[in-house]
Amino acid sequence: MRPHPTLIALAFAASACAAHAQQSAPPQPPLTATTAATGLPRAPEQEATVIERAELAFKVDPAQQRLDGDATLRLRVDKPVGRLVVDLDRDYAVDLVEVDGKAVDAAHWRNPQGRMSIELAAPLPAGARTTLRIRYGGHPHVAAKAPWDGGIVWAKAPTGEPWVATAVQGEGCDLLWPCIDHPMGEPLEVVQHITVPSPLVAASNGIAIGMDERDGWRTYHWRAKQPDTYAIALNVGPYELLQADYKSRYGNVIPLRFWYLKGNRVKAEGLFAEFKPMLDFFEETVGPYPFGDEKMGVVETPHLGMEHQTINAYGNGYKKAETGYDWLLQHEFAHEWFGNQLTNVDWDDLWLHEGYGTYMQPLYLQWLRGDMEYMAALMKMRATLMLRYPVVAGRSMAEKAVSSADHGPGNDVYYKGALMLHTLRGLIGDDAFFRATRELVYGTDTPRPGHFKPRYASTADFIALVNRITGKDYGWFFDVYLRSVKLPELVATRSGGTLELRWKTEGDKPFPLPVQVRVDQRVVDVPMTDGRGRVALAADESFTLDPHSRVLRELPYMTEYQEDMAERAKAAAAAAKH
């Protein structure tokens, strides 16, 4: 989750309560290009490797702002390999490397740029398993503006205790542990042992499997199934816990857990009351909560938020909104389906996470209160489109290249993606739209708890789903909305007793999207075969294009508004300098 432009002011305000308590960090070296990016092409050895189990021991020392890690990775290789390759920030000092319990001397492993390679004494054949252990430590990269800037946050809670959190979506898991830093590098199981000063609490992914206390330190144990690589998170603070159970419409019982800061009990109870209706909405609209056998978990953090699987980070300051619900809580929760259960195969497909995750907000408003608030939310989105780069580039991308507003689609991944889904829903109808959504997320239209696994999907996979379910080829639709920069423009020319309509697209791409036209008191459906259509209307009849706002299209008045706002902002910035 990277917040949208219209929400950034809110985001900074929401995190201000924590910002004043940030501890000053020691100077840190710049990250290498390899470590600063996530989703770079994997080495051939990484493509051949599955992390079947990652056992991660972390010791978090807030007084020294230090992290010590001991990672044991049980690996399976699907092709012959002569070395093991993982990603790990080179600024950690590594004091032990073992393969199958045997130490590897420093001459046989190297980590010059953050992609660590370990030579094997003998090549591994396809299907072989091996265990890699790496012990390391140092000062982890500090996030200056989490979650936009990845790393660790060292802060103080309002009551004075250490308050620590991680958020690494843009830079990746290699800031914290030796991993395969790519969306398709998910470990099948992760066990964490998180040691923190007593009496602090460490909340993390999956199921709590115990806590040990000794010599002024506590070690919390957690186990999770197939988490996203960047979703593995450390959250340490003077937490108290709210808990309840949710009886799902699918027959299972889901544990609800909220770790909040000491002193925030009343506000926390108000937010906790929002968990159940949100679950009702998602389970009715999309399908079963994907991690019901673990928990729906939220933890209060000194940064705005992030979709950490089963332990979503929340730092919105319990702000009330005109929507009547906490947008951050709902948006991050959407990622349990779109991001954690369903993971994009490449960051070029990020709209599957963020476009769908964003569309869940107006859908939730429609579910709660009806069409007016649904349409109002969509209108706010429409005013923020940037339209500088296509949402899908058609090539492998690093996460930052996609989320960048200067070199990539940026927030269009959120808003253009969501508005495109609104248009698709109107085009193919609710039955086909929500069936395609369910099959995308679960691999079946009839998902049941315990009968599906986390999935990967690409843009091409989703298009194929829509085509199969509808029995029609909608490649043209996605080509114009995802692979073009400009929106389609509906050109209307009135001549005599006829209204001539045509779609104008970037590169003259075909776009036979049907439209509606209000003519006086009636609504006319126009097929737009071959991108053109016509409507008969008398000289005294008025008309409105797309009267029910079903279609995302070029709107000249919106462009003028955005240009005017940009000029005013530029002038205000210049005046402030003087």
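**Briefing: helix packing, a strand residue and local backbone features**

Apart from its neighbours within four places in sequence, Asp525 is in contact (heavy atoms within 4.5 Å) with Val515 and Gln516. This is a predicted model, in which local features need pLDDT of at least 70 and side-chain atom pairs count only at pLDDT 80 or more, while totals for chains, interfaces and linings use all residues. Residues are numbered from 1 along each chain as its sequence is written, and side-chain values use heavy atoms, with hydrogens and water left out.

- Asp525 belongs to strand E26 (residues 522-526); strands (E, at least two residues) and helices (H or I, at least four) are DSSP runs, numbered from the N terminus.
- Asp525 counts as exposed because its relative accessibility is 57%, where exposed means over 50% relative accessible area, buried under 20% and partly exposed in between (1.4 Å probe, protein chains only).
- The side chains of Asp525 and Gln516 are joined by a polar contact of 2.9 Å; such a contact is a pair of N or O atoms within 3.5 Å, and within protein one must be able to donate a hydrogen and the other to accept it, with residues adjacent in sequence counting only if both atoms are side-chain atoms.
- Val515 is 10 residues from Asp525 along the chain, and the C-alpha atoms of the two are separated by 6.1 Å.

**Helix pairs**

- Helix H7 (residues 351-369) packs against helix H8 (residues 371-382) at an angle of about 160°, with the axes 6 Å apart; axes are lines fitted to C-alpha atoms, for helices over the stretch in contact, and angles run from 0 to 180 degrees between N-to-C directions.
- H7 is therefore roughly antiparallel to H8, since angles over 145 degrees count as roughly antiparallel, under 35 as roughly parallel, 65 to 115 as roughly perpendicular and the rest as oblique.
- The contact involves Thr358, Tyr359, Pro362, Leu363, Leu365, Gln366 and Arg369 of H7, together with Asp371, Glu373, Tyr374, Ala377, Leu378 and Met381 of H8.
- Helix H11 (residues 430-442) and helix H12 (residues 459-470) pack at about 135°, and their axes are 10 Å apart.
- H11 is therefore oblique to H12.
- On the H11 side the contact is made by Ala432, Arg435, Ala436, Glu439 and Leu440, and on the H12 side by Phe462, Leu465, Val466, Arg468, Ile469 and Thr470.

**Helix H6**

- Eight of the eight residues of helix H6 (residues 327-334) are buried, and the helix is mostly covered.
- The buried residues of H6 include Trp327, Gln330, His331, Glu332 and Phe333.
- At the start of H6, the backbone nitrogen of Leu328 has a side-chain oxygen of Asp326 within 3.1 Å.

**Backbone features in loops**

- Most residues other than glycine have a negative phi, and most peptide bonds are trans.
- The peptide bond from Ala146 to Pro147 is cis, with omega near 5°, and Pro147 is in the loop between strands E8 (129-138) and E9 (151-156).
- Ser198 and Pro199 are also joined by a cis peptide bond, with omega about 5°; Pro199 is in the loop between strands E11 (189-197) and E12 (201-203).
- Asp508, although not a glycine, has a positive phi of about 55° and is located in the loop between strands E24 (498-504) and E25 (515-519).
- Asp508 counts as exposed because its relative accessibility is 68%.
- Ser549 is not a glycine either, yet has a positive phi of about 55°; its loop runs between strand E28 (543-545) and helix H14 (556-577).
- Ser549 counts as partly exposed, at 38% relative accessibility.
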